Amino acid sequence: MDHKHPIGESQTTNERPIVYVRPVDLDDLPEELRRQAEGVKDLYAVHDAEGQRLALVRGRKLAFVLARQNDLTPVNVH
């Protein structure tokens with residue numbers, strides 16, 4: 001989880017793609033998602049390198065597990 005990734009270096013074909021994990025404020029979500037996530041205090045998003053949201057999950061640990069189960073390398077973003 002604390003692995004350093006140099007910025008600007010290209011990945012080789014042996015490396016897993018990097019995804020970014022960041023906390024999400026419920027107020028930043030569309031109304032429909034806010035209703036579905038009502039009561040969740042620890043919501044995290046997983047984003048690809050282009051910034052597209054791939055998943056919303058409950059908890060940072062689950063976000064990292066999800067990424068690794070899908071052969072991705074999770075990196076924490078604040």
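Helix H2 lies across strands S1, S2, S3 and S4, and runs at about 150° to S4. The model is a predicted one. The buried residues of H2 pack against S1, S2, S3 and S4.

**Helix H2**

- Which residues of H2 are buried? They are Ala 63, Phe 64 and Ala 67.
- Seen down the axis of H2, these buried residues fall within an arc of 95°, so they line one face of the helix.
- An α-helix has 3.6 residues a turn, so residues three or four places apart point the same way.
- Lys 61 and Gln 69 are on the other side of H2, where they are exposed.
- Ala 63 is in contact with Val 21, Tyr 44, Val 46 and Val 57, leaving aside its neighbours within four places in sequence.

**Nonpolar cores**

- The largest nonpolar core has ten residues: Val 19, Val 21, Tyr 44, Val 46, Ala 55, Val 57, Ala 63, Phe 64, Ala 67 and Leu 72.
- At least two residues of this core come from each of S1 (18-23), S2 (43-47), S3 (53-58) and H2 (60-69).
- Which element gives the largest share of this core? H2 does, with three residues.
- Another core, of six residues, lies apart from this one; among its members are Val 24, Leu 29, Ala 37 and Ala 45.
- In soluble globular proteins, nonpolar side chains tend to be buried together.

**The sheet**

- Four strands form an open sheet with mixed pairing, in the order S3-S2-S1-S4.
- S3 and S4 are the edge strands, as each pairs on one side only.
- Neighbouring strands of the sheet are turned by 30° against each other on average, with direction ignored.
- S2 and S3 run antiparallel and are joined by five bridges.

**His 47**

- His 47 is found in strand S2, and its bridge partner in S3 is Arg 53.
- Is His 47 buried or exposed? His 47 has a relative accessible area of 11%, and the cut-off for buried is under 20%, so His 47 counts as buried.
- The side chains of His 47 and Arg 22 are joined by a polar contact of 3.4 Å.
- A polar atom of the His 47 side chain also lies 3.5 Å from the backbone nitrogen of Arg 53.
- Leaving aside neighbours within four places in sequence, His 47 is in contact with Val 19, Tyr 20, Arg 22, Gln 52, Arg 53 and Leu 54.

**Asp 71**

- Where is Asp 71? Asp 71 lies in the loop between H2 and strand S4 (73-76).
- Just after H2, Asp 71 takes a positive phi of about 55°. This is a positive value in a residue other than glycine.
- Asp 71 has 49% relative accessibility. Exposed means over 50% and buried under 20%, with partly exposed in between, so Asp 71 counts as partly exposed.

Technical notes: Residues are numbered from 1 along each chain as its sequence is written. This is a predicted model: local features need pLDDT of at least 70, side-chain atom pairs count only at pLDDT 80 or more; totals for chains, interfaces and linings use all residues. Side-chain values use heavy atoms; hydrogens and water are left out. A nonpolar core is a set of buried Ala, Val, Leu, Ile, Met, Phe, Trp, Tyr and Cys residues joined through side-chain atoms within 4.5 Å. Buried means under 20% relative accessible area, exposed over 50%, partly exposed in between (1.4 Å probe, protein chains only). Contact means heavy atoms within 4.5 Å. The arc is that of the directions from the helix axis to the C-beta atoms. Two strands pair if DSSP finds at least two bridges between them. A polar contact is a pair of N or O atoms within 3.5 Å; within protein, one must be able to donate a hydrogen and the other to accept it, and residues adjacent in sequence count only if both atoms are side-chain atoms. Axes are lines fitted to C-alpha atoms, for helices over the stretch in contact, and angles run from 0 to 180 degrees between N-to-C directions.
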